Every structure is written in C-alpha cells, then in structure tokens.
Amino acid sequence: MSCFTTLDPEAEGVLPSVALTTPQALAGAFLTRPEAAAVLRLSPNTVGKLLASGFLPDLAAARVHALARAPQIGVTRGELPVLRTGPAGPPPHVDDDREFIGDAPHLTDEQFLEASRQWWRCEPDKVTAAGVLAVAVAGWVTGVLAVRGRGGTRHGGREVRHSFDASVAGRITALDDPGGFRVLTADPALAALTRTLLGARVQEARSGGPIAYLKSPPHPRDETASPHPHGEMA
C-alpha cells in the first residue's frame, strides 16, 4: 500500500479552501434576566442583586458568560469564612452607625471595611482563626478582609453580634474584568490568597447566618472508618 505525504496537484485543485476564525461576542447582544439566571444557575432575583450591586453592570452576553466561567473555590486546608452580603445600602436599623451595609464598586475602601467587618451573628473564633474574611455578593467574591483579631461584641435581645479588627486585603470593581482587581495587602501569603479569591465563586459554603464557612473535605479515612467507643481496636 502506498503512503502519500503531499497532495496530488490535481486533487488539491478540487479541495475546498478553509480558514479558521475565533468567534467574538456580539456587541449589543444582551440576555434577559431569566436567560442570565439559567446561565449562572441562579434565581432571577439573585441576578437582580448582582445588577443592583454594580459588580455586573448589565446583562451583556459576554459579561454573563464570563461570570459563568469563574472558578469555584474549594478549600484544601482549614476553613474559609465568607460574608454573604448584598448591594450596598443604608443599614436597616437606626442604631447602626455604619454608613453602608453590603458592597458596591463605588464604596471607598474605608466604607467597604466598615460595612464588612461588623456587626455579624457568627462564630468569631472561626473568623479570627482563619485570619481572613471573604466578602461575596450573590456568591462571587468582591472583596477580602485581613482579620487581625476580635473587635467588639453587641448584645441585643437574643442576638449577639461581633466585629473584627481588620483591614482591606483586596477589592474588585467589576466581576468580569480581572484588570480591575486590586490586591492591597503587602503580606505575600495573604496577597496570593487574595488574588485567588477575588472574582471566584463560592457555592459550597453552608450556614444559617450571614457568615458561612467553607471547609476542606473530610479525609477519606474519616468518611469510612467507624469510631470505636474505646478507641482503635488492636
């Protein structure tokens, strides 16, 4: 059997000529809110929160698909506290001395810090042990706090709320634009973690309060081994 490494000149003359191009997102191609919700696996109301926050300026198809491709955060060691917040606005309680609660690109770093470091129902020891608090709007991380320790505690009826001594480690201006991600900490390890967290998506954290905790998966042995009431058997 013969092997050919070049095209027969006569055959080459009848073959189609092709060229490859990379498709571009159409300018002005917008999704409806239900379409965006389907792409992002969210409710239309949550898509509304993203739009109201300003971190998703509109429902341009390119923006929405960029969010859908955001990496999902998984913890491999320790526990990551995540403050699940909404669009920035005035606090709902008149005795709250914060200027804003929530997050938005137009907040100054100081406004973001004061809105995010206080006052939360949470497990404060877990937050201080982590040394970091991710801030997420609709599941995407929009900012990161470096937590140095506990601040104050407020008692109101049955609720106990906590604040933290913290600083801003990083923030973003738009979820679909990594060029607008800012890392503000000088600590190398925290800077690396902040870069990883900004713009990423949190989907596995569970909690009944505003601060959820994303945990590392259990060791395979922990899942299969049955604890013996008197320790391991010989």
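Here are a few questions and answers about this predicted model.

Reader: How are α2 and α4 oriented to each other: roughly parallel or roughly perpendicular?
Author: Happy to start there! Helix α2 spans residues 33-40 and helix α4 spans residues 61-68, and their axes lie 9 Å apart at an angle of about 25°. Angles under 35 degrees count as roughly parallel. The two helices are therefore roughly parallel.

Reader: Which residues of α4 meet α2?
Author: The α2 side of this contact is made by A36, V39 and L40. By class, the contact has six nonpolar residues, one polar residue and no charged ones. On the α4 side, the residues are V64, H65, L67 and A68.

Reader: What arc around the axis do the buried residues of α4 cover?
Author: The buried residues in α4 are A61, V64 and L67. They sit on the same side of α4, because the arc they cover is only 130°. In general, residues three or four places apart in an α-helix point the same way, because there are 3.6 residues a turn. For α4, then, the arc is 130°.

Reader: Is S163 buried or exposed?
Author: Look for S163 in strand β4, residues 159-171. Its contacts beyond four places in sequence are R117, Q118, W119, R150, G151 and G152. Buried means under 20% relative accessible area. S163 has 3% relative accessibility, so S163 counts as buried.

Reader: How far apart are the C-alpha atoms of S163 and R121?
Author: Along the chain, S163 and R121 are 42 residues apart.

Conventions:
Residues are numbered from 1 along each chain as its sequence is written. This is a predicted model: local features need pLDDT of at least 70, side-chain atom pairs count only at pLDDT 80 or more; totals for chains, interfaces and linings use all residues. Side-chain values use heavy atoms; hydrogens and water are left out. Axes are lines fitted to C-alpha atoms, for helices over the stretch in contact, and angles run from 0 to 180 degrees between N-to-C directions. Helices (H or I, at least four residues) and strands (E, at least two) are DSSP runs, numbered from the N terminus. Angles under 35 degrees count as roughly parallel, over 145 as roughly antiparallel, 65 to 115 as roughly perpendicular and the rest as oblique. Contact means heavy atoms within 4.5 Å. Ala, Val, Leu, Ile, Met, Phe, Trp, Tyr, Cys and Pro count as nonpolar, Asp, Glu, Lys and Arg as charged, and the others, Gly among them, as polar. Buried means under 20% relative accessible area, exposed over 50%, partly exposed in between (1.4 Å probe, protein chains only). The arc is that of the directions from the helix axis to the C-beta atoms.
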